[in-house]
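Biologist: I would like a close look at a single part of this model. Please keep to the ligand site and what lines it.

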Amino acid sequence: MQVHRPATLDEALQLMQRPDARPQPIAGGTDLLVSWHHRAKESVRLMDMSRLEELRTLRLTNESLEIGALATYWDVITSAEISETFPLLAQAAKQVGAMQIQTRGTWAGNIGNGSPAADGVPVLMAYDATVTLASSRGRRDVALCDYWTGYKKSVKADDELIVGIRVPRRACDFEWFHKVGARAAQAITKVGVAMVHSADGWRVTANSVAPFVCRCRAMEAALDRGEVFQGPDDVRQVISRDVSPIDDLRSTAAYRLAVLSRLVFFRMSGHL
Amino acid sequence: MSIGTNTIRVDGCAKLTGAAMYVDDLTLPGMLHGATIRTPIARGRIKKIHFDPAINWSEFVVVDHRDIPGGNAVALIERDQPALVASEFRHKHEAVLLIANASVHKLRDAVRAIRLEVEPLPAILDARATARPEQIQHGADNVLKRLTIHKGDPGAVFASAPHVIEGTYHTGAQEHVYLETQGMLAHRENGRMVVRGSMQCPYYVLDSLTHAFGWPREAFSVVQAAVGGGFGGKEDYPSNIAIHAALLAEKAGAPVKLVYDRQEDMAATTKRHPSWVRHRTAVDKDGRLLAMEIEVMLDGGAYVTLSPVVLSRGCIHSSGPYFCEHIHIHGEARLTNSMPYGAFRGFGAPQTIFAMERHMDVIGSRIGVDPVELRRRNFLRDGQTMATGQIYRDGTDLVALMDRTLREADYHAKRKSHASFNATHPYLRRGIGIASFHHGSGFTGGGETKLASEVWVEGMPDGSVEVQTAQTDMGQGTSTILAQVAADALEMSPGGVLVATPDTARVPNSGPTVASRTAMVVGKLTHRAAEDLSKQLGGVRGPSITGAIRAWHAANPGKNLVGRAKYEKPATIVWNDATYQGDAYASYSWATYVAEVEVDLRTYATRVTDFVAAQEVGRVLNPTLARGQVQGGVVQGIGWAIYEDVVLEDGAMKNCQMTNYIIPASADLPPIRVFFEETPSPYGPGGAKGIGEMPIDGPAPAVVNAISAAVGMSIDAIPVTPERLMERLDGAHG
Ligand SMILES: Cc1cc2nc3c(=O)[nH]c(=O)nc-3n(C[C@H](O)[C@H](O)[C@H](O)COP(=O)(O)OP(=O)(O)OC[C@H]3O[C@@H](n4cnc5c(N)ncnc54)[C@H](O)[C@@H]3O)c2cc1C
């Protein structure tokens, strides 16, 4: 095993440039180390990012929240200001694993890992977050909802690092996140949904119901039109166009779709 | 008096500080690590074993069935399970080859470089299916054990009964999820093969080593390392690993440690037997049980292992703590090509009690009798007989015990408030459920007589007292209570009593640490052995005993001062194994548990919101430890009822990881309020009975009765995962 410990972002991006010996970035390690037991080969090349102080930022400005690539769930949970401004971020963060994971796991790592079950992603996406990618070629911003192209596939080039996430500040009159796991903590999401309403209209995002965390645009459009739902089946009719849940070890496609529809229906019919 | 006090655990400090040595903490000079190569499918024959030439195999110790010097079997009730597969195999993940190397990294690569070429044979994966001829692997019909218990003349009663109520109930497999995975370390020392590790039953391990090696018992020393939980999962499987580690060590001429990781442990080791129990019950208009017909079917898995005795305990408990004059119980354990199902806390009783207690609620709702009333009318009363004809003369008032639970749970008020809550809430449904049950302490029937357990209490030259038994402390606190019992007999403080680490070369065979037998049976023997020690010292007790022991040694240099006791069957206990009639257990513990639940109809998830566990377990030896046993059992029972789902694929556990096999965590659990009634038993020390297993019998039926009440529909199978509840509810709605 080889571990690089770059001291600056430039150095890190240099390391990422080498196609033949490209290291895998490691932030909190809470995803990477799970697969350690199943590693295919003993030779692994990692890039420890812990010395990149500039990526540790977590800053709330008048326009937006800037989440550096090393900011953790715990950083958000313990910031009263951020929890108040973006309540769903704090709510989701508190439901990631348990405290041990929350203090190590990063928002960027949640995106970098690319799991369709990621809990940090639906709330970020519902707030219209953008991801800042950097390489020695330069920087670019990508809307989080356009980041994935397939299961664990994204627009991020191999030499790019996620350096930050930006969440625009706007007045919301509706913010809601619900995670369904097999138990109250330390559970991988079976179905999750976030909903936000602002002057920009509805955002509905869901995790664990498609190859990647996605916006439910048909549902958003229906809500924007002011459509009224008489029962969970009405919601299902619409939202089933947005998602493509599967059967796996953790749940079933039928359950995922039914529960997503029921959660949205009961929430929209005004029940907490 | 140390009995009845919260004596601090004798093993507590070492475990808290990390000083306790579990098998994986042990290393020896020159030690190798072992690994196991396993079968890839449910049933077949090994055709060829391919070793990748890229690996230098001369660096590895490789063991197969030809290296077994004695009988190739894990000797238990029968000898049908091979220690290492020679040709035919009966389940996925059976051990075929063992390899060892000093480097765990090299070992990992080597494991991947071995490929088994196999020829599939027809497997049977459903215990309920009738086996086709080519699927028969045991006897004439794959039935590993069948038994019948008969009382009265049920047939005649059914013909004229006012109501006949039927139901079939299913329980799933369950994984033990002990904190510490299984493992053994074997090495030669002073001419003996020393096998040290995680186990419940050192003498079972010794028996199986003796059989596999064909060596005398004195050639081995089986020693318990610190054990991080067992729950029955370390009753039989440790014998397999012990044989494997010893075979590797013998061939390598070096110490070998074989420790399973979580995935291997979950995939390869035993689980709780899945069950299907059918009830047909005749009742009168008031709900009195007139006649019962019960069919118990267990999936036994690929080998006999402990299935006959699991079935036996299951059948004996299947008619509940109720009186009924006419009973017919038929049980079968059948072979399937799954991993062998084995011992798991409760040992068959949780399965049949689930069925009985669900069925009581079903009877109640069919004939319109309140579930509490129904139980009240049918509880055993002194002088009445149980299914095997055993006369109930325990003195425990089962009605009062139930009433205590109901009071503590505020049962009646909650039922009322749930009715109005459920009528108005859009998607939450609340319910409360009850389960009344019993659990026999010690081995079934003549088992204790056969075991003929022995305990020694020795006065050491330095004046200390040491209790010597084969009882393993796996976290449940046996060392502490045995110290308390000996201290009580000798009128000294428990801190002055040492409890020997089980080592078959030095402690007597006091039997396995299973079957809720340690407190009652071994505890009583410990008490008697301590009294015997005192007698040899001329009846000395109390603080002066230290001096008396030292003086004895001064007068008898080089000799041992040992108080002894051997099990003697109480004359009043009579059991006939041929007819299954008589006193199945010397004592029973009794309980009524109440669970309150909330079901979320958005997600179909159930949360247990309150739990009350009241039980009569004879004298409580150590209240803190006893409460811990009950709370732990309740948690495991709640897990079995609504969270834990062993997903089988090709007869093997597919979700063999803790992310995918869901056990409840503390955030999922309600307050668990524990109450004890104490009716002293004549058979245990100070009046104690068994407690370890009973707490897992009641939670599942109490929880599922509560769910059924909440959703207004009978739920008859566990685990009630949200996905299954959705299917059940929506399926019923059309
Ligand atoms: C017990 C446990 C419970 C968990 N529970 C949850 C849960 O409830 N919800 C949930 O969503 N997740 C959960 N996780 C997963 C994990 O904790 C989160 O996904 C976390 O956000 C990952 O962050 P990390 O910093 O630890 O990532 P790491 O493991 O360090 O990295 C994850 C991946 O992202 C890549 N990566 C990291 N940083 C960057 C970067 N700056 N640029 C490019 N790529 C990068 C890495 O190369 C790797 O592929 C759990 C994990 C564990 C072990």
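Which of the 30 residues around the ligand come nearest?

Modeller: The model is a predicted one. Pro25(A), Thr30(A), Asp31(A), Tyr73(A) and Asp119(A) come nearest to the ligand, out of a shell of 30 residues. For Thr30(A), an N or O atom of the side chain is 2.5 Å from an oxygen atom of the ligand. Lys179(A) also faces a ligand oxygen, with a polar side-chain atom at 2.9 Å. With Gln95(A) the backbone is involved: one of its N or O atoms lies 3.5 Å from an oxygen atom of the ligand. The ligand taken alone exposes 970 Å², and the protein buries 88% of that area.

As for where the shell comes from, three elements of chain A give two or more residues each: strand S2 (24-26), helix H6 (107-113) and strand S10 (161-168). The largest share is that of H6(A), with four residues. Sorted by class, the shell holds 14 nonpolar, 13 polar and three charged residues.

Elsewhere in chain A, Asp128(A) sits in the loop that runs between helix H7 (120-126) and strand S6 (130-135). Asp128(A) counts as buried because its relative accessibility is 18%, under the 20% cut-off. Beyond its sequence neighbours within four places, Asp128(A) is in contact with Arg166(A), Pro168(A), Arg170(A), Arg203(A) and Arg215(A).

How values were computed: Residues numbered from 1 in each chain as written. Chains lettered and ligands numbered in written order. Predicted model: local features only at pLDDT ≥ 70, side-chain atom pairs only at ≥ 80, totals over all residues. Heavy atoms only, no water. Buried < 20%, exposed > 50% of the residue type's maximum accessible area, 1.4 Å probe, protein only. Contact = heavy atoms within 4.5 Å. Near = heavy atom within 4 Å. Polar contact = N/O pair within 3.5 Å; in protein donor to acceptor, adjacent residues only side chain to side chain. Areas by Shrake-Rupley, 256 points an atom, 1.4 Å probe, with all protein chains shown as cover. Nonpolar A, V, L, I, M, F, W, Y, C, P; charged D, E, K, R; others polar.
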